[in-house]
Amino acid sequence: MRSYGQRTPSTCGIDFEMSLDPSAFDARHDDLLHQAYGAALEPERWPDVLAAAAALWRAPRALLYSFSVPSGAVGFTFAHNISPRELQ
């Protein structure tokens, strides 16, 4: 079992600090969760939620999309710091 604060390599080559410590789940995470719930009801808010998530997790980019396996269609796509060209 890993200890709190131990760094774990990701599949993309970036090390992320484990945040299993309950005290690490602070008000910023709570606020982000509430923003996501709000965006579920008002989809135009997703770009702001993705920007907040990227900032909180120190990620240069963020992407949220839905995909239908039976049809192969993409239902929605919201991106932060990803150009439309990169999404194609």
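Me: Hi! Among contacts in the protein chain between residues at least 6 apart in sequence, how many join residues at least 24 apart?

Reply: Of the contacts between residues at least 6 apart in sequence, 19% join residues at least 24 apart. Contact here means heavy atoms within 4.5 Å.

Me: And what sort of model is this?

Reply: It is a predicted model, where local features need pLDDT of at least 70 and side-chain atom pairs count only at pLDDT 80 or more, while totals for chains, interfaces and linings use all residues. Residues are numbered from 1 along each chain as its sequence is written, and side-chain values use heavy atoms, with hydrogens and water left out.

Me: How much of the protein chain counts as buried?

Reply: Of its 88 residues, 17% count as buried. Buried means under 20% relative accessible area, exposed means over 50%, and partly exposed is in between (1.4 Å probe, protein chains only).

Me: On to the inside. Which residues form the largest nonpolar core?

Reply: That core has ten residues: Leu32, Ala39, Trp46, Val49, Leu50, Ala53, Ala54, Leu56, Ala62 and Phe78. Helix 1 and helix 2 are the elements that give two or more residues to this core, and helix 2 supplies the largest share, six residues. By nonpolar core I mean a set of buried Ala, Val, Leu, Ile, Met, Phe, Trp, Tyr and Cys residues joined through side-chain atoms within 4.5 Å.

Me: Which residues are buried in helix 2?

Reply: Trp46, Val49, Leu50, Ala53, Ala54 and Leu56 are buried there.

Me: Now helix 1: which residues are buried?

Reply: His29, Leu32, Gly38 and Ala39. What covers them includes helix 2. Leu32, for one, touches Val49, Ala52, Ala53, Leu56 and Trp57, not counting residues up to four places away in sequence.

Me: How far apart are the end C-alpha atoms of helix 1?

Reply: They are 22 Å apart, which agrees with the 21 Å that the 15 residues of helix 1 (residues 27–41) should span at 1.5 Å a residue. The expected span is 1.5 Å times one less than the number of residues.

Me: Switching to rings. How many aromatic pairs does the structure hold?

Reply: It holds two. The rings of Trp46 and Phe78 have their centres 6.4 Å apart and their planes at 35 degrees, so this pair is tilted. It links distant parts of the chain, with Trp46 in helix 2 (residues 46–56) and Phe78 in strand 4 (residues 74–80), 32 residues apart. Phe76 and Phe78 form a tilted pair too, at 5.5 Å centre to centre and 40 degrees between the planes. Rings of Phe, Tyr and Trp (its six-membered ring) pair if their centres lie within 6.5 Å; planes under 30 degrees apart count as stacked, over 60 as edge-to-face and the rest as tilted.

Me: Which residues form one aromatic cluster?

Reply: Trp46, Phe76 and Phe78 do. Trp46 is buried, and Phe78 counts as buried at 18% relative accessibility, whereas Phe76 is partly exposed at 35%.

Me: Last topic, loops. Where does Arg58 lie?

Reply: Arg58 lies in the loop between helix 2 and strand 3, and it is exposed, with a relative accessible area of 76%. Its phi is near 55 degrees, a positive value in a residue other than glycine. Most residues other than glycine have a negative phi.

Me: And which residues is Arg61 in contact with?

Reply: Leaving aside neighbours within four places in sequence, Arg61 is in contact with Ala54, His80, Asn81, Ile82 and Glu86. The C-alpha atoms of Arg61 and Ile82 are separated by 6.4 Å, though the two residues are 21 residues apart along the chain.

Conventions: Helix = DSSP H or I, 4+ residues; strand = E, 2+ residues; numbered from the N terminus.
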